[in-house]
Amino acid sequence: PSTTVTGFTLSEIATHASSTSCWLLIERRVFDVTTYLRSHPGGSRTITPWCGKEATKAFATEDGRGEHSSEAFDLLDEYLIGPLLG
C-alpha cells in the first residue's frame, strides 16, 4: 500500500501571503489563520505582515510586544493544516 505524504513546502506556504489566504509557519507546522484574522484581539494588521512566512518568533513574542497566552497557543491547534516538508 502506498502512503501519501501530506505537508507543505516553503514555496507553497509563500503563496498564501495575503489577508484573503493567510498561512503561518510556526515551529515547522503550517496554520491557515485566514478565518481568524478578523477576530484577532490585536487586529488583523498584526498578523498580515507574517502571512506566507516563518512566524515562530513573531508569534512567541507577540512580534516583540510580550508573549502570547497559553490560550493563544491552544487556539493555534484549530488552524493547523499540516507540517512543513523537508
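Disulfide and aromatic pairs

This predicted model holds 1 disulfide.

Student: What makes Cys22 and Cys51 a disulfide?
Tutor: Their sulfur atoms are 2.1 Å apart, and a disulfide requires cysteine sulfur atoms within 2.5 Å. The pair therefore counts as a disulfide. With -95° about the S-S bond, the link is left-handed.

Student: Where in the chain do Cys22 and Cys51 lie?
Tutor: Cys22 is in strand E2 (residues 21–26), while Cys51 is in the loop between strand E3 (29–32) and strand E4 (53–54). The two are 29 residues apart, and the pair links distant parts of the chain.

Student: Why is Cys22 called buried?
Tutor: Its relative accessible area is 0%, and buried means under 20%, so Cys22 is buried. Cys51, with a relative accessible area of 2%, is buried too, because that value is also under 20%.

Student: How many aromatic pairs does the structure hold?
Tutor: It holds 3 aromatic pairs, among them Phe8 with Trp23.

Student: Why is the pair of Phe8 and Trp23 called edge-to-face?
Tutor: The ring centres are 4.8 Å apart, and pairing requires centres within 6.5 Å. The planes stand at 70°, and over 60 degrees counts as edge-to-face, so that name applies. Phe8 lies in the segment before helix H1 (10–14) and Trp23 in strand E2, 15 residues apart. Both residues are buried.

Notes: Residues numbered from 1 in each chain as written. Predicted model: local features only at pLDDT ≥ 70, side-chain atom pairs only at ≥ 80, totals over all residues. Heavy atoms only, no water. Helix = DSSP H or I, 4+ residues; strand = E, 2+ residues; numbered from the N terminus. Buried < 20%, exposed > 50% of the residue type's maximum accessible area, 1.4 Å probe, protein only. Phe/Tyr/Trp six-rings, centres within 6.5 Å; stacked < 30°, edge-to-face > 60°.
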